[in-house]
Amino acid sequence: MAIYDLLVSPFAEFEFMRRALVGVVGLALGAAPVGVLLMLRRMSLIGDAMAHAILPGAAIGYVVAGLSLFAMTSGGLIAGLLVALVAGGIARATELKEDASLAALFLVSLALGVVIVSVRGNSVDLLHFLFGNVLALDNATLVLIAVVATVSLLVLALIWRPLVVESVDAGFLRSVSRSGGPAHISFLALVALNLVGGFQALGTLLAVGIMILPAVISRFWSRDLTAMTVSAVGAGIISAYCGLLVSYHAGLPAGPAIILFAGMVYGASVLFGRFGGLLRGWGARRHLEA
């Protein structure tokens with residue numbers, strides 16, 4: 001009975017806990033595979049930059065229509081895509097690399113978004129924008145998350161091969177196909193779409209966590225891309241479930257608890273991971289020395 005109370009009772013008794021779990025599981029299904037490709041393409045920090053870039057668009061949607069899911073989602077998606085395109089344009093027109101231009105733009109975007117929310121809202125609104133409210137997901141938000149996950153998986157299925165080939169050898173892909181450019185743009189759109197989907201639950205500061213942390217966890221446990229993708233989704237779902245339980249029993253904020261639990265799994269993977277784990281590598285060296 002104690003195990004039931006610890007592991008099952010919060011979700012059986014409270015609808016808001018079930019909604020939170022369904023919402024974050026949906027985010028993991030859509031965002032974790034995107035995170036794996038971000039990691040393989042050495043674009044992990046670009047995901048973080050785009051997460052901050054959606055804030056002014058969502059803030060403008062809030063100013064225009066209040067707490068309207070459609071307005072804030074549309075504004076955030078447009079802002080994220082605009083920042084990505086502008087950063088790419090700056091990188092191609094100047095000597096500045098794309099990651100540096102994105103870093104500059106995301107800092108400006110974050111500051112602008114905070115200013116807009118602070119001027120037209122209050123501290124509660126600002127906290128909602130920055131950290132989300134995963135325990136208050138309504139039907140419309142759950143539907144949005146489900147649509148984002150479905151679109152992400154379908155589009156990834158279509159552009160998976162060129163994305164993987166470009167991650168390994170971009171020059172080879174350019175020599176045999178022109179699909180690299182459209183696939184890259186579609187991929188950036190998926191990044192922005194998943195971050196906007198996660199914005200309502202985890203806020204602009206934490207939405208990227210459910211995308212990147214499961215991906216880097218999977219890197220320590222597999223070298224096969226399919227297995228990495230599946231394990232990343234699994235890590236995201238486990239982090240959602242355990243993080244919500246920790247939040248419920250310890251009275252911690254739910255969103256940060258989910259990301260902190262994923263961080264703990266990452267720390268354990270760094271130590272004990274099958275591929276590149278510190279202790280496993282140390283044990284192998286000791287065996288060779290002996």
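Me: Is Ser247 buried or exposed?
Reply: Ser247 is buried: its relative accessible area is 7%, and the cut-off for buried is under 20%. Keep in mind that this is a predicted model.

Me: Where is Ser247 found?
Reply: Ser247 sits in helix α12, which covers residues 225-250.

Me: And what does Ser247 touch, leaving out residues up to four places away in sequence?
Reply: With those left out, Ser247 has contacts with Leu252, Pro253, Ala254 and Ala257.

Me: OK, zooming out. How many helices and strands does the protein chain have?
Reply: There are 14 helices and 0 strands in the protein chain. Its radius of gyration is 20 Å, close to the 19 Å from the globule rule for 290 residues, so the chain is as compact as a globular protein of that length.

Me: What does the C-alpha trace span along its principal axes?
Reply: The spans are about 60 × 60 × 30 Å.

Me: How much of the chain is buried?
Reply: Buried residues are 46% of the 290.

Me: Which residues have the most contacts inside the largest nonpolar core?
Reply: Phe129, Phe187 and Leu195 do, in a core of 73 residues.

Me: Take Leu195, then. What does it touch, again not counting residues up to four places away in sequence?
Reply: Leu195 touches Gly47, Met50, Ala51 and Ile54, and also Ala207, Val208 and Met211.

Me: What share of the contacts with a separation of 6 or more comes from residues 24 or more positions apart?
Reply: That share is 72% for the protein chain.

Me: Switching to charges. How many salt bridges are there?
Reply: The structure has 2 salt bridges. One of them pairs Glu15 with Arg19, whose closest N and O atoms are 3.2 Å apart. Another joins the side chains of Arg41 and Glu166, at 2.8 Å from N to O.

Me: Which parts does the Arg41 and Glu166 pair tie together?
Reply: Arg41 is in the loop between α3 and α4 (44-65), while Glu166 is in helix α8 (residues 139-168), so the pair links parts 125 residues apart in sequence. Arg41 is buried, with a relative accessible area of 13%.

Me: And where do Glu15 and Arg19 lie?
Reply: Both are in helix α3 (residues 15-40), 4 residues apart, which is about one turn of the helix. Glu15 counts as partly exposed, at 45% relative accessibility.

Me: Now Lys97. Buried or exposed?
Reply: Lys97 is exposed because its relative accessible area is 60%, and the cut-off for exposed is over 50%. Its place is the loop between α5 (69-93) and α6 (98-120).

Me: Last topic, the surface. Which residues form a nonpolar patch there?
Reply: Ile3, Tyr4, Leu6, Leu7 and Val8 form one, and together they have about 450 Å² of accessible area.

Me: Where is Val8 found?
Reply: Val8 is in the loop between α1 (2-7) and α2 (9-13). With 39% relative accessibility, Val8 counts as partly exposed.

Note on methods: Residues numbered from 1 in each chain as written. Predicted model: local features only at pLDDT ≥ 70, side-chain atom pairs only at ≥ 80, totals over all residues. Heavy atoms only, no water. Patch = residues over 30% accessible without salt bridge, like charges linked within 9 Å, V, L, I, M, F, W, Y side chains within 5 Å. Areas by Shrake-Rupley, 256 points an atom, 1.4 Å probe, with all protein chains shown as cover. Salt bridge = Lys/Arg side-chain N within 4 Å of Asp/Glu carboxyl O. Helix = DSSP H or I, 4+ residues; strand = E, 2+ residues; numbered from the N terminus. Buried < 20%, exposed > 50% of the residue type's maximum accessible area, 1.4 Å probe, protein only. Contact = heavy atoms within 4.5 Å. Core = buried A, V, L, I, M, F, W, Y, C linked by side-chain atoms within 4.5 Å. Rg over C-alpha atoms; globule rule 2.2 N^0.38 Å.
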